[in-house]
Amino acid sequence: MSGKGLQAAGNLISESENGPAGFVPSSPEEVELNRRVNRKMDFAMLPLLSLVYLFNGLDKGNIGNAQTQGFTKDIGAQPEDLNFAVSLFFITFVLFQPPSAAMGRWVGPNIWIPFLAFSWGALTIGQAFIKGRGGLIAIRLVIGLFEAGFYPTCVSYLSFFYGRFDLAVRVAIFYGQYAVAGAFSGAISYGVFHLKSGPLRNWQYLFVIEGSLTCFVAILAFCLLPRGPSSAWFLNQEEREFAADRMRRDTALFIQHEYGKDGLEKDRLSKRDAIEAAKDWKFYGVILFNICASVPTQAFSIFLPLVLQGLGFESIRANLLTVPPYVCGAIGLYLFALSSDRRRERGYHIIASLFIGIIGLILTVTVKSSGGKYAGLCILLFGCYVSAPLTVAWLSGNTPEPGKRTLILGANGFGNLAGIIGSQIFAAKYGPSYKTSFYVSLGIAIVALLGYTGYRFGLAAANRYKRGKMAQMTEEELERERTDKTRYGDRKYTFIYGL
């Protein structure tokens, strides 16, 4: 092997020790410009997306709050019908995530995201007036259809604006609205459920108020979300050009594309993107572990008010007491994500958060007092909200081809199968203590911990293999590996997986 080839391989390897090389500001002026662009995006775009996701969480979880006020009894259904409807919701919600995310890639996230939000907001208003078991099941199925694809489309959208090691903390701020929604939902429910006058029942007011606010925010999003970094209305011309250029530089080592005036790739989605996504061995393992890790999050987003009621707290107070655990979840998520971006590391952060969640579960099932169990729930939610957004940032950073990335993030929505599992684990027959439910959740969380540990070391082994291959290649072979299409995106030997 030539000396230049050895040096080139050494440079690629050394640059990639802590994960895939990407955009790095090359001057003090670029450092300042990068900060300014991120700051403007953080204030102009991220809060709006986060607000939409907040209402997504509200509209998904308010049915659990409504049940504490006799929702199923009032509509002529049985309590077990609620669990069945929640399970069916997750079937359409999960199955339609990949095609919905693909549609968002074709249509444009700035149009698709508001359309989905307005649709499920309108259906949430209609949920206030349903009757019977059939009406409950039908409307939850359709709400699941429109909520499907929202989260992966939003994360894919963010990945077109932020570099891979600026992304996790933004995804955390975005995903954290799910935890905030849990706290906000409890606070809103506490206030709304004190309404005792008017033509509607108090739980009907809850659906109407939250659904109407969702529709309003969706209209704002349609008016304000830019199509791409080069068309961001809140950036000046210099900043728009830089924002588009840094995203090209972030993946230039691994992919070659033609870009449009909006700063996005002209070839939005290809047949090879679908084939490569289906062949990705890494994904099938991580989705299983993501399902296991998400069971507590998905279950408690709906059933936490009922769990607290089973611990001895009366129904209206149980809704208010959901606030502190969700606040703990948001704090844990932000701290872990900030550390993960700064250290450019994902795996150990997820493993540590799962360990904290397991400690919380153990306390919840072993401590006798209601106060002790409540403290265990707070510790549990401090840890369990971390894995899902960091997994998304991990998958996004390790998938440089944007078309394949969109499909991978959409298919990662199968992690929401945890909602079906959670709705059955926390079925009414296991109440009021839900002790069996917590034991089952504990076992599933341990499986997730072991799985993510194996996945992290599996990627490390793949990196060692790639470095060995690069060390044997000439400079010309390295350049050809980088630019040709023989191997695609992350399958290239020159791409080192972030750990």
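This is a selection-by-selection tour of a predicted model. Residue numbers start from 1 along each chain as its sequence is written, and side-chain values use heavy atoms, with hydrogens and water left out. Because the model is predicted, local features need pLDDT of at least 70 and side-chain atom pairs count only at pLDDT 80 or more, while totals for chains, interfaces and linings use all residues.

**Whole chain.** Select everything and colour by secondary structure: there are 23 helices and zero strands (DSSP runs, numbered from the N terminus; helices are H or I of at least four residues, strands E of at least two). Of the 499 residues, 61% are buried (under 20% relative accessible area, with exposed over 50% and partly exposed in between; 1.4 Å probe, protein chains only). Of the contacts between residues at least 6 apart in sequence, 81% join residues at least 24 apart (contact: heavy atoms within 4.5 Å).

**Helix H7.** Select residues 109-127. H7 has 19 residues and spans 27 Å from first C-alpha to last, close to the expected 27 Å (1.5 Å times one less than the number of residues). Its buried residues include Trp112, Ile113, Leu116 and Trp120.

**Largest pocket.** A pocket here is an open set of points on a 1 Å grid over the protein atoms alone, where a 1.4 Å probe fits and protein lies on both sides within 12 Å along at least five of seven lines; lining residues have an atom within 4 Å of a point. The space comes to about 250 Å³, the volume filled by probe spheres set on the points. Helices H2 (28-44), H10 (164-192) and H12 (237-251) each supply at least two lining residues.

**Arginine 344.** Arginine 344 counts as partly exposed because its relative accessibility is 37%.

**Glycine 415.** Finish in the loop between H20 (402-411) and H21 (417-425), where glycine 415 is found. At 5% relative accessibility, glycine 415 counts as buried. Leaving aside neighbours within four places in sequence, glycine 415 is in contact with Ile287, Asn290, Ile291 and Ser294. A C-alpha to C-alpha distance drawn to isoleucine 287 reads 5.9 Å, across 128 residues of sequence.
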